[in-house]
Amino acid sequence: MTTVSLHTMTRISLLGAAPDTGNLGVNALSRSTMLGIARRIPEAEICIFDNGRGLRQGVYQAGRDTVAYRLCGLSNSRRFYRPESLAHMRLSTLLPGLSNPGMDLLSSSQAVLDISGGDSFTDLYGPKRFSLITAPKQLVLEKKRRLILLPQTYGPFRSPARRKIAEDILRRSHRAWARDRDSFERMAELLGSDLDPTRHKCGVDVAFLLPTTQPAGMDAGLISWLNDSPHDLIGLNISGLIYNSPHEAIQRYGLKADYRATVQTLLKRFLRETDARILLVPHVHAPSGHPESDRDACRHLLQTLAPTDRERVYLLEDRLDESGIKWVIAQVDWFCGTRMHATIAALSSGVPTTTISYSDKAVGVFDSCGQRSEVFDPRQLDTVTLSENVFDAFQRRDRIKQSLQQKLPDVLAQATRQMDEIAESCVSA
């Protein structure tokens with residue numbers, strides 16, 4: 001790790017990684033970036049844009065590291081009179097005398113880091129989401145501030161007009177990283193002849209550097225569950241997004257397999273054909289009743305089991321933070337997840353990992369760890385084939401672990417070098 005020395009405080013802002021969404025994957029991106037910058041630029045004032053109101057103070061504790069930072073609200077609200085709205089931010093650049101705290105922060109930043117939630121720099125989620133992702137980037141560039149795109153996925157873009165906006169942002173950014181080789185190829189396609197190897201780089205997801213922290217005051221039942229059995233412990237992350245409304249998921253995401261039926265079949269087969277215990281690990285803490293709630297999906301899954309079978313299944317009900325969840329995931333013997341950053345927590349901990357993924361983004365991330373063959377796509381596989389493939393992956397978990405442990409040190413070293421370069425690009429001339 002390289003430390004960058006400064007004589008005066010430098011403000012560095014972070015966009016697209018709000019730590020208040022309930023999505024631990026986005027939290028992992030936010031905390032990994034914040035901690036990486038704070039360790040390398042100790043004098044930096046770090047400002048993070050989130051979904052709250054106004055300016056606030058925050059403190060992040062990771063082991064022996066304590067990072068103080070500022071929070072500033074940012075939204076795509078129609079209430080243009082609110083200072084956290086994008087409309088108010090833009091108006092403040094056009095109307096003399098109209099002050100906006102978020103715009104003041106961006107304008108006074110030495111560098112603005114942007115990660116687009118890892119996978120949201122696309123128009124697949126509709127025009128409002130696209131505007132929320134791209135408008136802050138454009139404001140930074142209009143203010144001639146240093147925009148650094150952190151490792152993320154680029155595209156796809158269905159609209160030619162929105163694709164041009166993305167191309168313009170990429171060309172004008174100070175630096176841009178893709179988070180895997182597949183993402184880098186899409187970035188190169190967007191840039192064409194403007195691809196500059198000194199500015200546009202292939203990297204890895206910053207969450208590979210997320211620290212692992214054993215949660216304080218853990219439930220005694222969970223500790224016993226993790227430690228007191230000689231049998232394998234399977235970790236399962238179920239995505240509420242496609243479990244809670246299976247028929248809608250099939251139509252919306254073009255799934256060939258029934259995800260809910262696949263998960264139920266897998267769980268019952270694990271209980272019937274192995275001695276393993278199963279730990280259900282939610283990774284999106286949406287409120288109960290919300291369509292994205294992983295916890296609701298897990299509770300429903302438990303209800304499909306006979307009472308005697310439930311004794312071998314433990315649902316992690318505690319709302320642990322991203323580092324605590326990563327510590328729990330690191331204790332399992334094999335992990336299968338659908339939320340990508342749940343699988344990154346496992347991969348980066350050396351746990352043999354499989355994913356059921358309906359998005360192309362997982363392929364590149366797993367490939368960076370030499371695990372491309374452990375990605376199973378419900379858009380391509382039917383329900384029976386999908387469940388068979390995942391069960392087969394569990395059976396060869398020892399070979400998967402050996403392969404992962406050979407590749408992982410290089411990936412972690414690359415992530416460290418990458419963060420060194422990101423910090424240097426924040427302050428270099």
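Modeller: Gladly! Two strands count as paired if DSSP finds at least two bridges between them. Please keep in mind that this is a predicted model.

Biologist: What makes β5 and β6 a pair?

Modeller: Three bridges join β5, residues 111-114, to β6, residues 147-152. The rule asks for at least two, so three bridges make β5 and β6 a pair. The two strands run parallel, and Val112 has Leu147 as its bridge partner in β6.

Biologist: Which order do the strands of the open sheet follow?

Modeller: The order is β3-β4-β2-β1-β5-β6-β7-β8, which gives an open sheet of eight strands with mixed pairing.

Biologist: Why are β3 and β8 said to stand at the edges?

Modeller: β3 (55-62) and β8 (200-202) each have a single partner strand, so one side of each has no neighbour in the sheet. From one strand to the next, the twist averages 25 degrees.

Biologist: Why is β1 called largely enclosed?

Modeller: A residue is buried when its relative accessible area is under 20%. Four of the five residues of β1 are buried, so the rest of the structure largely encloses this strand.

Biologist: Which helices lie across strands of the sheet?

Modeller: Helix α4, residues 127-142, is one of them: α4 lies across β1 (11-15), β5 and β6, and runs at about 145 degrees to β6. Helix α6, residues 181-191, lies across β6, β7 (175-178) and β8, at about 160 degrees to β8.

Biologist: What lines the largest cavity?

Modeller: Its lining includes Leu236, Tyr259, Cys336 and Ile356. Both β9 (233-237) and α10 (259-273) give two or more residues, and α10 has the largest share, with three. By class, the lining has seven nonpolar, two polar and no charged residues.

Biologist: What surrounds the second largest cavity?

Modeller: This cavity holds about 50 Å³ of space. Among its lining residues are Leu24, His283, Glu322 and His341. The elements giving two or more residues are α1 (24-40) and α14 (340-347), and α14 supplies the largest share, three residues. The classes are six nonpolar, two polar and one charged.

Biologist: How many charged residues line the second largest pocket?

Modeller: Five are charged, beside three nonpolar and four polar residues. Asp, Glu, Lys and Arg count as charged, and the lining includes Asp180, Arg181, Asp367, Lys407 and Asp410. About 200 Å³ of space lies in this pocket. Two or more lining residues come from each of α15 (361-368) and α17 (397-427), with α17 giving the most, four residues.

Definitions and conventions: Residues numbered from 1 in each chain as written. Predicted model: local features only at pLDDT ≥ 70, side-chain atom pairs only at ≥ 80, totals over all residues. Heavy atoms only, no water. 1 Å grid on protein atoms, 1.4 Å probe; cavity = no way out; pocket = protein on both sides within 12 Å on 5 of 7 lines; lining within 4 Å. Points joined across faces, edges and corners; volume = space filled by probe spheres on them. Axes fitted to C-alpha atoms, helices over the stretch in contact; angles between N-to-C directions. Contact = heavy atoms within 4.5 Å. Buried < 20%, exposed > 50% of the residue type's maximum accessible area, 1.4 Å probe, protein only.
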